[in-house]
Amino acid sequence: MSGQDRPVLGVGMVGHAFMGRVHSQAWRSVRAFFDVPCTPVMAAVAGRSPERVRAAAERLGWASAETDWRALLRRDDIDLIDICTPGDTHAEIAIAALEAGKHVLCEKPLANTVAEAEAMAAAAERAAARGVRAMVAFNYRRVPAVALARRLVAEGRLGAIRHIRAQYLQDWLVDPEHPLTWRLRRDKAGSGALGDIGAHIIDTAQFITGERITGVTALTETFVRERPDGDGGRGPVTVDDAALFLARTTGGALASFEATRFATGRKNALRIEINGSEGSVAFDFEAMNELWFHDATLDDAEGGFRRILATEADHPYAGAWWPPGHLLGYEHTFTHEIADLLSAIAAGADPEPSFADGLQVQRVLAAVEASAASGGGWTPVP
């Protein structure tokens with residue numbers, strides 16, 4: 001089928017800052033590299049400032065601009081709403097879009113509270129009965145090396161999963177004079193490092209292993225409690241700066257998780273190691289094209305971790321891009337995400353991760369906060 005014969009899918013995006021820029025890049029590039037079953041058209045972007053949203057539309061490749069996201073829902077040329085806003089707006093926008101018959105792609109974490117996530121998952125379930133699809137944007141699932149790790153686990157190459165160790169380490173808040181952005185306000189972000197980056201390692205661990213977290217014991221800390229508020233004063237930081245927790249999974253594995261934005265010298269170190277009875281895998285996003293694999297079925301003379309450069313044509317997603325050894329980057333994960341979403345919509349299938357998956361991660365986040373608030377007591381995940 002030629003590109004001209006494929007159905008058009010009009011896209012409206014809400015928000016045009018960091019995530020909006022990344023998503024725009026993905027919408028622009030997906031057809032150039034993936035044989036997607038429909039043609040996405042970047043119809044409109046919505047933002048609050050008329051000047052800024054018009055400039056964003058021109059710079060990022062959107063055909064038009066709106067100053068109210070509700071206008072996107074009324075437009076017949078828009079079939080999908082892409083939500084790239086702070087977490088406090090996710091539920092209202094997503095539920096309204098699904099009820100209006102628009103497919104939805106929503107940035108993570110799905111919501112700021114379990115109640116909001118439950119309402120979103122219920123709306124997605126109702127919409128799916130009408131053929132309307134919803135997906136939450138956990139992009140690290142789409143790193144070729146991470147998807148390869150999932151394949152190795154699914155094939156039984158690691159045997160029974162025994163241990164999970166996951167970290168997400170950043171340092172952009174180390175300076176106590178860093179301004180009080182929305183990410184440091186509970187009313188906007190829901191939580192701090194826990195929801196912002198901890199949600200990613202929760203989803204990544206569950207995705208690779210195919211197991212769910214069943215309970216946690218946790219600690220959280222806010223190291224800098226006041227920051228410059230932009231008006232000449234200082235305001236309170238109302239979220240965590242770091243979160244640590246232990247967990248068990250449905251398969252009986254023991255797990256440890258660490259999310260912090262105070263790991264001096266670490267810029268975007270999403271790290272995960274899975275140990276099983278027959279082997280192990282290890283990954284670090286700061287070397288995102290590499291997966292380390294240990295096959296424990298080999299004898300000691302041949303054993304040990306070996307480096308797999310996940311850029312071969314038969315590695316997940318990699319064959320759509322460059323020759324082997326020509327590396328991919330952060331932005332490619334979002335293009336993979338869009339390609340998978342478009343394929344699911346065309347097939348009439350529920351994309352993954354679903355809003356139900358996002359709800360499950362939200363329940364883990366809530367259990368971590370509840371455990372930390374109780375002094376680290378064991379807290380089951382519903």
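How many bridges join strand β7 to strand β13, and in which sense do the two strands run? Strand β7 (residues 161-169) and strand β13 (residues 269-276) run antiparallel and are joined by 8 bridges. Helices (H or I, at least four residues) and strands (E, at least two) are DSSP runs, numbered from the N terminus, and two strands pair if DSSP finds at least two bridges between them.

The model is predicted, with local features requiring pLDDT of at least 70 and side-chain atom pairs counted only at pLDDT 80 or more, whereas totals for chains, interfaces and linings use all residues. Residues are numbered from 1 along each chain as its sequence is written, and side-chain values use heavy atoms, with hydrogens and water left out.

Strands β7 and β13 belong to an open sheet of 9 strands, in the order β16-β15-β14-β13-β7-β12-β11-β8-β17, with mixed pairing. The edge strands, each pairing on one side only, are β16 (306-309) and β17 (379-380). Strands of a sheet pair through backbone hydrogen bonds, either parallel or antiparallel. Strand β12 in turn pairs with β11 in the antiparallel sense, over 7 bridges, and Thr-260 in β12 is the bridge partner of Ala-242. The hairpin of β11 and β12 has 4 residues between the strands, and in this hairpin Gly-252 takes a positive phi near 95 degrees.

The account now turns to the helices. Two packed helices are described by the angle between their axes and the distance between the axes. Axes are lines fitted to C-alpha atoms, for helices over the stretch in contact, and angles run from 0 to 180 degrees between N-to-C directions; contact means heavy atoms within 4.5 Å.

Helix α6 (residues 144-154) and α8 pack with their axes 7 Å apart, at an angle of about 40 degrees. The two helices, α6 and α8, are therefore oblique to each other, given that angles under 35 degrees count as roughly parallel, over 145 as roughly antiparallel, 65 to 115 as roughly perpendicular and the rest as oblique. Helix α6 contributes Val-146, Ala-147, Ala-149, Arg-150 and Val-153 to the contact, and α8 contributes Thr-204, Phe-207, Ile-208 and Thr-209. By class, this contact of α6 with α8 has 6 nonpolar, 2 polar and 1 charged residues. In this classification Ala, Val, Leu, Ile, Met, Phe, Trp, Tyr, Cys and Pro count as nonpolar, Asp, Glu, Lys and Arg as charged, and the others, Gly among them, as polar.

Helix α5 (residues 114-128) packs with α10 at an angle of about 170 degrees, their axes being 9 Å apart. That angle makes α5 roughly antiparallel to α10. In α5, Val-114, Ala-117, Glu-118, Met-120, Ala-121 and Ala-124 meet Phe-355, Ala-356, Leu-359, Gln-362, Arg-363 and Ala-366 in α10. The contact of α5 with α10 comprises 9 nonpolar, 1 polar and 2 charged residues.

Helix α5 also packs with helix α4 (residues 90-99), at an angle of about 15 degrees and with the axes 9 Å apart. Helices α4 and α5 are therefore roughly parallel to each other. On the α4 side the contact is made by His-90, Ala-91, Ala-94, Ile-95, Leu-98 and Glu-99, and on the α5 side by Glu-116, Ala-119, Met-120, Ala-123, Ala-124, Arg-126 and Ala-127. The residues of this contact of α4 with α5 divide into 9 nonpolar, 1 polar and 3 charged.

Some backbone features remain to be noted. Most residues other than glycine have a negative phi, and most peptide bonds are trans. A cis peptide bond joins Lys-108 and Pro-109, with omega about -20 degrees; Pro-109 is in the loop between β5 (103-107) and α5. The peptide bond from Glu-352 to Pro-353 is also cis, with omega near 0 degrees, and Pro-353 is found in the loop between α9 and α10. Tyr-317, a residue other than glycine, has a positive phi near 70 degrees and is placed in the loop between β16 and α9.
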